[in-house]
Structure formats: C-alpha cells, structure tokens
Amino acid sequence: MTLNRALEWGRGLLFGLRIEGNSVVSDEGGNSYAAIITGSVDSTEHNFCWKNLLVDIEIPASMVMRIYAYAADSTLFSMDDVPAEMDSYLADKSVSAEEKLHKLEPMFTLLGSGTTDCPINLRGRYIWIKLEFVAPEERSIRLDKLRLLLRSESMMDYLPEVYRAEDGVNGFMSRYISIFDSIFFDMDDRISALDRGFDYRSAKGNMLKYFAEWLEIDDAAYLSDEELRRKISAVPEDYRYIGTKRGLSDWIESEYGLKPNIIEYFSVRNMVYEGKDRECYQRLFGTNPYSFFILLPETIFPNKHEANVFMEKLRRRVPANTQPEVVLTRQSVILENHTYLGVNSVISGYSEAGADTGNRISHDLILGGNNNE
C-alpha cells in the first residue's frame, strides 16, 4: 500500500508541515520540530501482521527522523476514559496539534531512527504511521511517499519446505537470507522503475543536467532545475525550426529577451545589384548569397567575451555553408551605415540627453564575415 496523494495526507495530523501538490513539505516559519500522523490504513483483515515500511523523503543530513506506528483491529480507542475514534480525533480542529501529539504519544511504538526502511511487525487491521523530525534549527523537509509492504517476497519461499519449517519466521536462516533479499529485490525495483528515472519532469540535479547534455543545451551546468526543464520541454519545437529564420529569432528572444531583426540576402538582392545606391548596399550586405545579417542593439552584450560566446552558439544553429553576420546597431543615424527606421532611428520624438561615456563594443563592429571582423 502506498500513500502519495494530497487527499491521503489531509486525513492525518500535520505539525510544522503543509501539503504542497502531492507532497508534504516544511511549513513556512516552522521550528526545529515537526511531525505527521497519517490517517488509518486498512488491511481489511483482523490481526493482520504488518511487515515493512519504506519512506521516500528528502531531509538534510543534520536532521533526525524517528518512525513510529500504532496498529489495532478497531479505529476506536479510549481518550481520558472516554471512547473516541482515531481518524475523527486527528481531524478535530477544536484540539490543537500539540495536544493531540502529547496524548497519542503512549500509543505509538518506535520502529526506527535515522533510517527510511524499517520492519514493523505489529498486528491489527488498521495502522497509523507517525514521523517526527528534529533538527538543531529550521530545515527543509519533503515527504513524497510512504510504502507499506504487506508481505515481502523472500528467497526463503524458494527453499525446500524442510528449511522453512525448521527455521521459523525469525530464525537464523530467515534473517540471513533477508540480507540478500534487500539487495536483490531493491535492485529489481530500481530496474522496474528505470523508465521513470529518464523522465525530465521528475529528474533532478545531475541527472537533469545529463539529459540536457544529450540535447546539447547551452550552459546546462549553470542552469537551475526549473530552467533546464523549461528548455528540455521546448526542444522538440526548437528542433522543428532549427536553422530557419524563425528558429534563430525565437532562440535569441528566449536567451536575451528581445526579438532580433534578421535580413536575408534574397530580401536585399535587388538593391545590391539594381538599386540606385548599389555600391553602398554592396558594402553593407556584400554579394554572397549564403550570408545573412542579424541586427541587435549595441547594449545586448556587456563585453566582447559575451559577444564571442554568442557567436559560438550561433554557429551551431545555422545551416551548413551559410555565413551569419551580427550587426550591433547604434541608436543614431549614421549615413551609409546600418540605419533602419523604427529599429535604431526615428523620424521625430523625445529623446533624453546623456554624456557619452564610451561604448564597450564599437558601434561599427560586425561580428562574423570572412575574417571574423
């Protein structure tokens, strides 16, 4: 049986914790102590023997987690010599969480401390699990799943009956074989869940960066998990348009927050060969039919290093045998240079005056070209 949904967590008692999605996490402004008691888990069988418990949780190394359990054939119990129902008592908002924890403490049996896997060996149709967290100071907690193993498979089941009958449930052979059970069956569970480990939506940390390297996502080592998930989810759409004008435009907008102006050679070809000022156009755009120009504001790159990094990324995204050139336009009109109405110049309008403290990258610099000018 597995507890991993918000509805199941909500049936129990939470102290210093809250429900976030389908997980239980530390409450904001919490203290160094937190606890959770689950609602009842029903085996549907009286005097049922509960076997093992697995806790899927993320806690810091300095935090101590203690695991308790209470099992009974009925959900009724006596509270101050008055009959009460356990689940109703846990949900009773008229009683504080501290008081509930104090009064229920004698009923719970300690199963383990500092572990996420422990035997239960309690009998009863119903069971309640209690987790306590203690840390020197406030720490983060994320509880994703509780798994109750009703009957664990064992290699003892495959031995001849004579060994099982003589050894018993807690004999030496059973305990010795259980060591190999934990190794073998844990490995089997990991193999069965291997496909879920390759899901970028649930992967974290180094595994997520590993996926990003498969897809050649730039700067994967420096991005957060959420940024990597966003980039990975966009890969199919990016690959659909990679090497096209739209693909380059979307990539630059995603990376730098602005939409570039991209001028392809065929759009200025007539002006280069037939225009009145064809000499000027030839100087600006050349005569190479496989070249294209990306116009960006001069303030987009803080220094030349960032501009060179951009060019390296750009070259991996353009079609083979094409020659990209990045033109950094200045916010002014410069005759016979790259001046575009509505891009880096306007006919009229208010503009602030400012002292020119110098450009980090010269306004007449073209990144790219035959000599990487």
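Let's start with Glu8, which is buried at a relative accessible area of 17%; buried here means under 20% relative accessible area, exposed means over 50%, and partly exposed is in between, with a 1.4 Å probe and protein chains only. Before I go on: this is a predicted model, where local features need pLDDT of at least 70 and side-chain atom pairs count only at pLDDT 80 or more, while totals for chains, interfaces and linings use all residues. Residues are numbered from 1 along each chain as its sequence is written, and side-chain values use heavy atoms, with hydrogens and water left out.

Back to Glu8. Its salt-bridge partner is Arg5, with the closest N and O atoms 3.4 Å apart. By salt bridge I mean a side-chain nitrogen of Lys or Arg within 4 Å of a carboxyl oxygen of Asp or Glu. Arg5 is partly exposed, at 45%.

Next pair: Asp42 and Arg125, where the closest N and O atoms are 2.8 Å apart. Helices (H or I, at least four residues) and strands (E, at least two) are DSSP runs, by the way, numbered from the N terminus. Asp42 is partly exposed, with 27% relative accessible area, and Arg125 is partly exposed too, at 22%.

Then there's Glu58 with Lys204, a salt bridge at 2.5 Å, N to O. That one links distant parts of the chain: Glu58 belongs to strand β7 (residues 49–58), Lys204 to the loop between α6 (194–197) and α7 (205–214), and they are 146 residues apart. Glu58 is partly exposed at 39%, and Lys204 is partly exposed at 41%. There's also a salt-bridge network, linking Arg18, Glu20, Arg142 and Asp144.

On to Glu132, in strand β13 (residues 126–134). Buried or exposed, at 8% relative accessibility? Glu132 counts as buried. Its side chain makes a polar contact of 3.4 Å with that of Tyr68, and one of 3.2 Å with that of Lys130. A polar contact is a pair of N or O atoms within 3.5 Å; within protein, one must be able to donate a hydrogen and the other to accept it, and residues adjacent in sequence count only if both atoms are side-chain atoms.

Now the strands around β16 (residues 291–297). Six of the seven residues in β16 are buried. On one side of the pairing list, strand β15 (residues 261–264) runs antiparallel to β16, joined by four bridges; two strands pair if DSSP finds at least two bridges between them. Ile263 has Phe293 in β16 as its bridge partner. β16 also pairs with strand β17 (residues 323–329), this time parallel, over seven bridges, and there Ser291 has Gln323 in β17 as its bridge partner.

What do β16, helix α12 (residues 304–315) and β17 make? A right-handed β-α-β unit: with the strands pointing away from the viewer, the path from the first strand over the helix to the second runs clockwise.

That's my tour, so over to you for questions.
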